[in-house]
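The sequence and the structure are shown first, and a description follows.

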Amino acid sequence: VLPDPRLLVSTPVVLPLNGGLQTFDLVITNTGLTKNLIIASSSFSGTNAANFSVTTTPAPIAPGTTGILKIAFNPLGGPGDFEALLSLTSNDPADPTRPVTLRGSIHDPQLGTAARLDFGKLPIGSGPQTAALLIRNDGGGQVLHLDGVNLTGPYAGNFTVTSFPATLAPGAAGSIAVSFDRMGADGLFSAQLEILSDDLLKPTVLVPVKAESAGAVASKRAR
(Lines give C-alpha, C1' and ligand atoms only; values in the text may rest on other atoms or scores of the structure.)
Protein backbone atom coordinates (compact mmCIF):
# COMPACT_ATOMS: atom_id res chain seq x y z
CA VAL A 1 0.00 0.00 0.00
CA LEU A 2 1.45 3.36 -1.03
CA PRO A 3 1.71 6.02 1.70
CA ASP A 4 -1.03 8.64 1.50
CA PRO A 5 -0.33 11.53 1.76
CA ARG A 6 3.31 11.35 0.61
CA LEU A 7 5.88 14.14 0.92
CA LEU A 8 8.37 14.62 -1.90
CA VAL A 9 11.14 17.24 -1.62
CA SER A 10 14.63 17.67 -3.10
CA THR A 11 17.72 17.23 -0.93
CA PRO A 12 20.38 18.48 -0.73
CA VAL A 13 19.43 22.00 -1.82
CA VAL A 14 22.31 24.19 -2.97
CA LEU A 15 21.56 27.86 -2.35
CA PRO A 16 23.14 30.70 -4.38
CA LEU A 17 24.19 32.93 -1.47
CA ASN A 18 25.20 36.52 -2.23
CA GLY A 19 26.12 37.78 1.23
CA GLY A 20 22.87 39.65 1.84
CA LEU A 21 19.44 38.86 3.27
CA GLN A 22 17.76 36.36 0.94
CA THR A 23 14.58 34.29 0.67
CA PHE A 24 14.36 30.94 -1.11
CA ASP A 25 11.40 28.80 -2.18
CA LEU A 26 11.43 25.11 -1.27
CA VAL A 27 8.98 23.16 -3.43
CA ILE A 28 7.08 20.39 -1.63
CA THR A 29 4.97 17.88 -3.56
CA ASN A 30 2.21 15.62 -2.31
CA THR A 31 2.48 12.45 -4.40
CA GLY A 32 -0.34 10.78 -2.46
CA LEU A 33 -3.65 9.94 -4.11
CA THR A 34 -6.48 10.97 -1.78
CA LYS A 35 -5.34 12.93 1.29
CA ASN A 36 -3.99 16.44 1.81
CA LEU A 37 -0.40 16.76 2.98
CA ILE A 38 -0.06 18.93 6.09
CA ILE A 39 3.28 20.43 7.16
CA ALA A 40 2.86 20.57 10.91
CA SER A 41 6.21 22.10 11.88
CA SER A 42 9.76 22.79 10.77
CA SER A 43 13.07 23.26 12.56
CA PHE A 44 16.76 23.77 11.79
CA SER A 45 19.81 22.07 13.26
CA GLY A 46 23.50 21.96 12.49
CA THR A 47 26.42 24.36 12.53
CA ASN A 48 24.65 27.21 10.75
CA ALA A 49 21.10 26.67 11.97
CA ALA A 50 20.94 30.23 13.33
CA ASN A 51 21.37 31.64 9.81
CA PHE A 52 18.13 30.09 8.54
CA SER A 53 14.46 30.50 9.35
CA VAL A 54 11.10 29.55 7.82
CA THR A 55 8.96 32.56 6.97
CA THR A 56 5.98 30.85 5.31
CA THR A 57 4.61 27.31 5.62
CA PRO A 58 2.32 26.08 2.83
CA ALA A 59 -1.36 25.45 3.41
CA PRO A 60 -2.51 21.82 3.15
CA ILE A 61 -1.26 20.45 -0.17
CA ALA A 62 -3.83 18.52 -2.21
CA PRO A 63 -2.89 15.19 -3.81
CA GLY A 64 -0.78 15.61 -6.93
CA THR A 65 -0.03 19.29 -6.29
CA THR A 66 2.80 21.35 -4.80
CA GLY A 67 3.24 23.93 -2.08
CA ILE A 68 5.99 26.43 -1.28
CA LEU A 69 7.86 26.66 2.01
CA LYS A 70 9.78 29.95 2.15
CA ILE A 71 13.20 29.95 3.80
CA ALA A 72 15.03 33.11 4.86
CA PHE A 73 18.83 33.33 5.05
CA ASN A 74 20.81 35.88 7.06
CA PRO A 75 24.62 35.66 6.88
CA LEU A 76 24.93 37.52 10.20
CA GLY A 77 28.15 39.04 8.91
CA GLY A 78 29.81 35.70 8.25
CA PRO A 79 31.59 34.72 5.01
CA GLY A 80 32.34 31.30 3.55
CA ASP A 81 30.32 28.08 3.52
CA PHE A 82 26.97 27.53 5.22
CA GLU A 83 25.06 24.31 5.90
CA ALA A 84 22.04 23.40 8.00
CA LEU A 85 19.54 20.57 8.29
CA LEU A 86 15.87 21.45 7.87
CA SER A 87 13.49 18.93 9.48
CA LEU A 88 9.92 18.90 8.15
CA THR A 89 7.23 17.25 10.26
CA SER A 90 4.10 16.22 8.36
CA ASN A 91 1.27 13.71 8.26
CA ASP A 92 3.16 11.51 5.78
CA PRO A 93 2.61 8.10 7.50
CA ALA A 94 5.77 6.53 6.05
CA ASP A 95 8.14 9.40 6.80
CA PRO A 96 6.67 11.82 9.36
CA THR A 97 9.94 13.74 9.81
CA ARG A 98 11.77 14.48 6.57
CA PRO A 99 15.34 15.94 6.68
CA VAL A 100 16.45 18.41 3.99
CA THR A 101 20.07 19.52 3.76
CA LEU A 102 20.61 23.19 2.86
CA ARG A 103 24.05 24.38 1.82
CA GLY A 104 25.71 27.22 -0.01
CA SER A 105 28.79 29.41 -0.26
CA ILE A 106 28.71 33.19 -0.15
CA HIS A 107 29.94 34.78 -3.36
CA ASP A 108 30.39 38.44 -2.41
CA PRO A 109 31.30 40.72 -4.10
CA GLN A 110 30.17 39.14 -7.36
CA LEU A 111 30.81 40.57 -10.81
CA GLY A 112 28.01 40.10 -13.32
CA THR A 113 28.25 41.15 -16.96
CA ALA A 114 26.34 41.03 -20.20
CA ALA A 115 27.34 38.02 -22.31
CA ARG A 116 28.97 40.09 -25.07
CA LEU A 117 29.48 43.59 -26.47
CA ASP A 118 28.40 43.85 -30.11
CA PHE A 119 28.70 47.09 -32.06
CA GLY A 120 26.56 45.50 -34.75
CA LYS A 121 26.82 45.95 -38.52
CA LEU A 122 28.12 49.38 -39.47
CA PRO A 123 27.81 51.03 -42.90
CA ILE A 124 30.90 51.02 -45.06
CA GLY A 125 33.14 53.96 -44.32
CA SER A 126 31.71 54.51 -40.80
CA GLY A 127 33.63 56.72 -38.42
CA PRO A 128 34.52 55.83 -34.79
CA GLN A 129 31.67 54.31 -32.74
CA THR A 130 30.99 53.95 -29.01
CA ALA A 131 29.14 51.27 -27.02
CA ALA A 132 28.79 50.24 -23.38
CA LEU A 133 28.92 46.89 -21.59
CA LEU A 134 26.56 46.60 -18.64
CA ILE A 135 28.16 45.27 -15.44
CA ARG A 136 26.71 44.61 -11.96
CA ASN A 137 27.71 43.77 -8.44
CA ASP A 138 25.44 40.83 -7.72
CA GLY A 139 26.84 40.50 -4.20
CA GLY A 140 24.68 41.50 -1.27
CA GLY A 141 27.10 42.99 1.25
CA GLN A 142 30.52 43.96 -0.14
CA VAL A 143 31.65 46.70 -2.51
CA LEU A 144 33.10 45.41 -5.81
CA HIS A 145 36.41 47.00 -6.85
CA LEU A 146 37.44 46.97 -10.51
CA ASP A 147 41.22 46.83 -10.79
CA GLY A 148 41.43 47.26 -14.55
CA VAL A 149 39.86 46.59 -17.94
CA ASN A 150 42.08 45.49 -20.84
CA LEU A 151 41.57 44.46 -24.46
CA THR A 152 43.09 41.31 -25.93
CA GLY A 153 42.69 39.38 -29.15
CA PRO A 154 43.37 39.75 -32.88
CA TYR A 155 41.88 43.21 -33.30
CA ALA A 156 42.34 44.66 -29.81
CA GLY A 157 43.96 47.72 -31.40
CA ASN A 158 40.67 48.70 -33.06
CA PHE A 159 38.93 48.99 -29.68
CA THR A 160 39.64 51.32 -26.75
CA VAL A 161 38.28 51.27 -23.20
CA THR A 162 37.37 54.89 -22.48
CA SER A 163 35.91 54.59 -18.97
CA PHE A 164 34.77 52.16 -16.29
CA PRO A 165 33.61 52.51 -12.66
CA ALA A 166 36.24 52.00 -9.98
CA THR A 167 33.68 50.53 -7.56
CA LEU A 168 30.14 49.19 -7.50
CA ALA A 169 28.06 49.08 -4.32
CA PRO A 170 26.15 45.85 -3.52
CA GLY A 171 23.34 45.45 -6.04
CA ALA A 172 24.52 48.41 -8.12
CA ALA A 173 25.04 48.50 -11.89
CA GLY A 174 27.44 50.41 -14.09
CA SER A 175 28.97 50.27 -17.54
CA ILE A 176 32.30 49.94 -19.31
CA ALA A 177 32.53 52.39 -22.23
CA VAL A 178 34.34 51.13 -25.32
CA SER A 179 35.08 52.86 -28.63
CA PHE A 180 35.67 51.21 -32.01
CA ASP A 181 37.67 52.58 -34.93
CA ARG A 182 37.87 50.55 -38.15
CA MET A 183 41.09 52.45 -39.06
CA GLY A 184 40.23 52.58 -42.74
CA ALA A 185 39.44 48.88 -43.14
CA ASP A 186 36.18 46.99 -43.51
CA GLY A 187 35.23 43.49 -42.36
CA LEU A 188 34.69 41.63 -39.10
CA PHE A 189 36.67 42.76 -36.03
CA SER A 190 36.79 40.77 -32.78
CA ALA A 191 38.54 41.10 -29.43
CA GLN A 192 37.97 40.35 -25.75
CA LEU A 193 37.44 42.58 -22.77
CA GLU A 194 39.48 41.37 -19.80
CA ILE A 195 37.86 42.65 -16.60
CA LEU A 196 39.92 42.42 -13.40
CA SER A 197 38.21 42.78 -10.02
CA ASP A 198 38.25 41.62 -6.40
CA ASP A 199 35.57 38.99 -7.07
CA LEU A 200 37.35 36.14 -5.29
CA LEU A 201 35.73 33.38 -7.36
CA LYS A 202 36.06 35.17 -10.72
CA PRO A 203 38.95 37.67 -10.47
CA THR A 204 39.29 37.74 -14.28
CA VAL A 205 36.26 37.78 -16.59
CA LEU A 206 36.53 37.69 -20.40
CA VAL A 207 33.75 39.17 -22.54
CA PRO A 208 33.74 38.91 -26.37
CA VAL A 209 33.65 42.19 -28.32
CA LYS A 210 32.67 42.38 -31.98
CA ALA A 211 32.11 44.96 -34.70
CA GLU A 212 31.43 44.55 -38.41
CA SER A 213 32.01 47.17 -41.05
CA ALA A 214 30.30 45.82 -44.16
CA GLY A 215 32.12 46.37 -47.42
CA ALA A 216 31.78 44.79 -50.84
CA VAL A 217 34.95 42.81 -50.13
CA ALA A 218 36.03 42.56 -46.51
CA SER A 219 39.65 43.52 -46.06
CA LYS A 220 39.85 42.24 -42.49
CA ARG A 221 38.30 39.14 -40.98
CA ALA A 222 38.35 37.73 -37.44
CA ARG A 223 40.72 34.87 -37.02
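In which strand is the place of Thr 56? Thr 56 lies in strand β5, which covers residues 52-56. The model described here is a predicted one.

Thr 56 has a relative accessible area of 38%. Because buried means under 20% and exposed means over 50%, Thr 56 counts as partly exposed at this value. When its neighbours within four places in sequence are set aside, Thr 56 is in contact with Ile 68, Leu 69 and Lys 70. Ile 106 stands 50 residues from Thr 56 along the chain, and the C-alpha atoms of these two residues are separated by 23 Å.

**Overall form**

The protein contains 17 strands and zero helices. Its radius of gyration is 26 Å, whereas a compact globule of 223 residues would have a value near 17 Å. The C-alpha trace spans about 75 × 40 × 25 Å along the principal axes. Of the 223 residues, 41% are buried. Among contacts with a separation of 6 or more, 68% join residues 24 or more positions apart.

**Aromatic pairs**

How many aromatic pairs does the count come to? The count comes to eight aromatic pairs. Two of these pairs are set out below.

| Aromatic pair | Arrangement | Centre to centre | Angle between the planes |
|---|---|---|---|
| Phe 44 and Phe 52 | stacked | 5.9 Å | 25° |
| Phe 159 and Phe 180 | tilted | 5.1 Å | 40° |

The pair of Phe 159 and Phe 180 links distant parts of the chain, since Phe 159 belongs to strand β13 (residues 159-163) and Phe 180 to strand β15 (residues 173-180), 21 residues apart. Phe 159 counts as buried because its relative accessibility is 3%. Phe 180 is likewise buried, because its relative accessible area is 2%. In the other pair of the table, Phe 44 and Phe 52 are both buried.

Which residues form one aromatic cluster with Phe 159 and Phe 180? The cluster also includes Phe 119, Tyr 155 and Phe 189.

Conventions:
Residues numbered from 1 in each chain as written. Predicted model: local features only at pLDDT ≥ 70, side-chain atom pairs only at ≥ 80, totals over all residues. Heavy atoms only, no water. Helix = DSSP H or I, 4+ residues; strand = E, 2+ residues; numbered from the N terminus. Rg over C-alpha atoms; globule rule 2.2 N^0.38 Å. Buried < 20%, exposed > 50% of the residue type's maximum accessible area, 1.4 Å probe, protein only. Contact = heavy atoms within 4.5 Å. Phe/Tyr/Trp six-rings, centres within 6.5 Å; stacked < 30°, edge-to-face > 60°.
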